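Grab the viewer and follow along.

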Amino acid sequence: MDRSTFDIVVVGGGAAGLRAAIAAVETDPSIRVGVVSKVYPMRSHTVSAEGGTAAVLKDYDNFDLHAFDTIKGSDYLADQDAVEFFVRKCPEEIIRLEHWGCPWSRDPDGRIAQRAFGGMSVKRTVFAADKVGFHILHTLFQTTMKYDRIERLDEWFVTSIILEGSAVAGVVAMDLKRGELARIGAKAVILATGGCGRVYEFTTNGFIKTGDGMALAYRAGVALKDMEFVQFHPTALPGTGILITEAARGEGGYLINKDGERFLKRYVPEKMELGPRDILSRSIMSEIREGRSFKGPYGDYVGLDLRHLGEETIEKKLPMVRELAEKYVGIDPVHELIPVRPGQHYIMGGVATNMKGETSVPGLYAVGETACVSINGANRLGSNSLSECLVFGTSTGEAAAAYAQKNRWPTGGPAREALAVEEKRIFDGLLGKDGGPETVAGLRVEMQQLMERRVGIYRDEAGLQEAAVQVGKQRVRFADIRVGDKDRVFNTELTAVLELDFMLDVAATIAHAALARQESRGAHSRTDFPTRDDGRFLTHSLVSRTDGAPRIDYAPVAITRWQPAARVY
Amino acid sequence: MYPWKRRAGWWLRNPRFLLFQAREAGGFVSALFGLLLLYMLVRYHEGVASYDAFLAMLSTPVALTVLALLFAFVMVHALTWFLLIGKAQPIRFTKKPLRAGTVFAINIVLWVLVSGAVLFVVFGGL
Amino acid sequence: MADKDVVFRVKRYRPERDVEPHYQDYRIPYTDDMVVLDGLNYIKDNVDPTLTYRWSCRMGICGSCGASINGTPRLTCETFIKEVRGRTVVVDPMPNFPILKDLVVDFDDFLRKLHEVRPFIDRKEEKPLAEGEYIQFPEEIEAYRQQSMCINCMLCYAACPVFGASEHFIGPAASALAYRYIRDSRDEGADARLDVLSTKTGIWECTFVGECSVVCPKDVDPAGAIQNLKVLASIRQMRQLLMPKWTRR
């Protein structure tokens with residue numbers, strides 16, 4: 001297998017990346033796609049998604065309703081043309097996955113079942129027990145084995161994007177097993193590395209979610225869009241941050257404060273537990289601030305009550321929730337409340353793209369949580385993200401394939417230079433570091449705690465200023481990290497350093513974008529600017545890299561048929 | 001890469017592996033019993049004196065000890081086999097597979113009944 | 001607050017400097033809600049940054065963190081320190097695999113085997129998308145649900161003495177996944193898979209030790225799947241012998 005050149009390189013092997021790879025080879029069977037992932041694809045964080053994936057499948061539903069729910073859920077920041085495209089493509093993605101073997105849960109008549117989910121007017125969330133991400137990922141991964149033209153470079157860590165002139169020419173990546181850097185030439189590169197939850201201290205995200213693709217694009221000159229919009233999922237287990245799916249509420253679960261009250265009646269009286277995530281997370285924080293929460297060894301929390309659902313429903317529809325609660329908290333949700341509190345979960349922002357995943361750099365694409373099209377705007381509805389990976393995975397794979405068909409191979413020159421630059425930066429520069437006072441773990445924890453405290457659910461000017469300044473200082477201190485593991489083979493301390501490098505860039509964009517947005521919209525909540533300001537801020541923020549502080553620009557939101565209105569549930 | 005090297009005595013470090021080895025050895029032992037029965041038929045065919053001498057030899061303390069040991073292996077083989085039967089149920093009389101424990105119990109009951117019938121034929125009845 | 005400590009005895013192997021793997025001891029503080037993975041992270045972050053291991057989701061679904069803990073193949077993210085017997089937690093890489101570094105083993109061999117069993121819906125003709133989904137009743141999902149839960153953690157291969165002796169054995173997880181597709185009502189590829197499976201290095205190498213099903217963290221029961229495959233393969237063999245013109249799905 002010729003590892004050094006592919007028509008398309010897909011960075012990241014989760015739902016979005018694998019779907020794009022399949023779409024590309026189906027568009028043109030002569031195209032060779034290399035899936036370059038720092039972990040084996042079945043370890044991608046898609047695997048942990050639990051609740052479901054949304055699509056209009058039944059007669060009681062329609063595209064306009066799915067679109068409206070999404071747009072209202074986004075606090076009117078979503079690009080409505082993209083949303084209209086998105087909702088129309090969801091059904092066929094669900095069916096295609098089903099044909100590929102995905103074990104969607106079924107109604108008694110054998111048709112695909114759907115359940116209720118936060119912010120959705122009707123039951124449109126397709127599910128596979130409560131392991132939808134696991135089943136989608138394994139179905140996609142196993143299906144890629146049908147295609148000879150999809151090759152995989154497993155445990156290769158991409159360190160930079162190679163540019164030739166203004167266009168993409170490939171990537172530089174480290175083969176972890178051999179401990180060597182290599183250049184991988186490509187006509188097109190699709191970034192599908194997921195989000196960046198690990199810049200926060202308390203997150204549902206796995207260890208690998210370090211914003212690699214976002215930072216890679218940022219350094220290649222692409223703007224990051226809407227980075228201030230970070231989603232905090234209302235129900236994460238205290239301590240570990242392990243996710244308890246929204247489906248638990250979709251099946252009828254209640255959120256209870258210490259007085260046994262379903263407190264959401266004071267915040268979202270109509271939707272209650274099925275309100276959108278940003279409002280629910282803020283509601284829980286209010287209950288905590290006003291002293292109505294439970295207190296535990298990991299801080300304050302509220303209770304998720306599933307007792308009234310009964311053991312049969314829980315075993316059938318929420319078996320993993322029960323497993324996780326029993327294993328990690330030692331309680332059985334059939335009889336007891338599950339302790340939950342809001343935790344970082346997703347980022348609406350990401351690499352600025354259009355509906356075909358194109359960025360401002362020719363040949364460079366982004367898709368999935370890495371990208372921001374934007375269909376999620378200021379707040380994402382649960383179960384739209386997996387659908388997003390599938391729909392835009394397809395459109396991006398097709399677009400990248402079309403681009404690869406029309407364009408010439410890059411020459412070798414810039415790739416060789418890029419490789420030399422990276423070898424110097426990484427092996428001489430980072431690996432060779434001795435005797436500095438900082439450690440990767442120490443600096444990382446400081447960054448995570450800073451983001452958690454200053455750029456969390458509630459933000460204000462002083463806190464965001466401090467965050468921006470401190471992240472800048474942490475960036476400087478990064479140069480003083482000492483690396484203890486001097487070996488090259490499978491050096492996970494080195495990859496942690498590379499990841500922290502990426503995370504510091506991404507954290508800075510989040511802090512600066514949040515500072516600049518002087519309003520509250522969706523998940524971005526400013527105590528000093530508590531209302532939504534459509535006059536000044538019905539726009540997307542675009543953060544671009546400069547030699548100094550990041551530069552913030554703004555771009556208009558595409559509005560087709562739904563005029564922004566008050567967002568009440 | 002450092003190649004995997006299995007340590008001798010791997011089967012001593014896990015009670016289930018030990019049981020597995022005993023089960024497999026039990027298969028060999030069952031074959032030995034079969035041969036012993038065949039040899040018994042040969043001696044029987046040679047006449048009463050030969051057969052009686054054979055039975056006398058089998059009654060010595062050493063022989064009885066060995067026979068008891070071999071019998072233990074056969075028991076282990078049979079019991080572990082019954083424990084495994086429930087794991088794969090391609091032929092079913094019920095909609096869902098029976099619990100492995102139930103299959104085990106059914107087999108034990110059948111085993112006792114068949115053994116009882118054989119003993120009856122050999123020592124009593126006919 | 002941690003007021004107790006424990007010794008982690010971890011097998012180290014750094015290919016660029018070690019000739020042989022060897023144990024290294026670390027004494028660390030721990031609390032009752034810590035899992036072995038938390039201990040490893042504590043060591044890497046605070047004591048010895050060279051310690052190398054795989055992990056990601058920390059909730060037992062990604063399958064990255066397989067290791068041998070006090071001799072038993074387990075996921076480090078699911079094994080609580082307090083449940084490990086004794087004052088020492090002995091952590092080895094998963095047995096039966098070549099070691100890349102410390103607790104990281106090479107299992108590319110499994111991915112080749114997975115590829116061989118054709119782990120996808122195999123049909124002569126695909127239904128057009130416009131016709132919607134294949135009808136599949138909840139009972140039909142139940143037929144393959146258990147085997148579909150495999151997270152590819154490799155603990156079953158680590159536990160299997162047959163695989164330990166013979167690396168060509170197709171092994172528990174690959175067989176379980178093959179079975180999952182054979183039993184999926186939408187699939188028509190049983191024959192092709194049984195050709196691959198019903199060989200000397202396929203399911204017939206299995207002597208039903210059963211340890212794979214014991215260690216499986218997701219209750220996939222690969223041992224049961226293999227024995228069922230043996231029955232399917234045998235029936236198919238008899239059919240081909242007695243009724244060679246019979247074509248079955």
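Let's start with Lys258(A), which is partly exposed because its relative accessible area is 42%. Its partner in a salt bridge is Asp259(A), with 4.0 Å between the closest N and O atoms. Asp259(A) has a relative accessible area of 51%, so it counts as exposed. Keep in mind that this is a predicted model.

Glu251(A) sits in the loop between helix H6 (247-250) and strand E12 (254-256) of chain A, while Lys317(A) belongs to helix H8 (residues 311-317) of that chain, so the bridge ties together parts 66 residues apart in sequence. Glu251(A) is buried, because its relative accessible area is 18%. Lys317(A), at 23% relative accessibility, counts as partly exposed.

Chain A also has a network of salt bridges. Among its members are Asp75(A), Glu228(A), Asp278(A), Arg282(A) and Arg517(A), and the linked residues also include Glu519(A), Arg521(A), Arg532(A), Asp534(A) and Arg567(A). Over all chains, the structure holds 89 salt bridges.

## A buried pair between chains A and C

One of the bridges goes from Arg186(C) to Glu98(A), at 3.0 Å from N to O. This pair crosses between chains: Arg186(C) is in the loop between helix H6 (172-182) and helix H7 (190-197) of chain C, and Glu98(A) is in helix H3 (residues 80-99) of chain A. Are these two residues, Arg186(C) and Glu98(A), buried or exposed? Both Arg186(C) and Glu98(A) are buried.

Interface size is often given as the accessible area lost when the parts come together. For chain B and chain C, that comes to about 1900 Å², with 63% of it on carbon and sulfur atoms. On the chain B side, Met1(B), Tyr2(B) and Trp4(B) lose the most area to chain C, together making up 38% of what that side buries. The contact draws 19 residues from chain B and 26 residues from chain C.

How many salt bridges are counted between chain B and chain C? The count is one, and Arg16(B) forms a salt bridge with Glu211(C), with the closest N and O atoms 2.6 Å apart. Helix H1 (residues 15-46) of chain B gives the most to the side of chain B that touches chain C, supplying five residues. There are also eight residue pairs in polar contact across this interface, both residues being at pLDDT 80 or more.

## A buried glutamine in chain A

Back in chain A, have a look at Gln114(A) in strand E4 (residues 114-115). This glutamine counts as buried because its relative accessibility is 9%, and its side chain reaches two backbone oxygens: that of Ala55(A), 2.8 Å from a polar atom of the side chain, and that of Arg124(A), at 3.1 Å. Leaving out residues up to four places away in sequence, Gln114(A) touches several others, including Leu57(A), Lys58(A), Tyr60(A), Thr125(A) and Phe127(A).

## A nonpolar patch on chain B

Last stop: a nonpolar surface patch of about 740 Å², made by Val114(B), Val118(B), Leu119(B), Phe120(B), Val121(B), Val122(B) and Phe123(B). Val118(B) lies in helix H4 (residues 100-123) of chain B. At 48% relative accessibility, Val118(B) counts as partly exposed.

Conventions. Residues numbered from 1 in each chain as written. Chains lettered and ligands numbered in written order. Predicted model: local features only at pLDDT ≥ 70, side-chain atom pairs only at ≥ 80, totals over all residues. Heavy atoms only, no water. Patch = residues over 30% accessible without salt bridge, like charges linked within 9 Å, V, L, I, M, F, W, Y side chains within 5 Å. Areas by Shrake-Rupley, 256 points an atom, 1.4 Å probe, with all protein chains shown as cover. Salt bridge = Lys/Arg side-chain N within 4 Å of Asp/Glu carboxyl O. Helix = DSSP H or I, 4+ residues; strand = E, 2+ residues; numbered from the N terminus. Buried < 20%, exposed > 50% of the residue type's maximum accessible area, 1.4 Å probe, protein only. Polar contact = N/O pair within 3.5 Å; in protein donor to acceptor, adjacent residues only side chain to side chain. Contact = heavy atoms within 4.5 Å. Buried area = accessible area lost by both parts, 1.4 Å probe.
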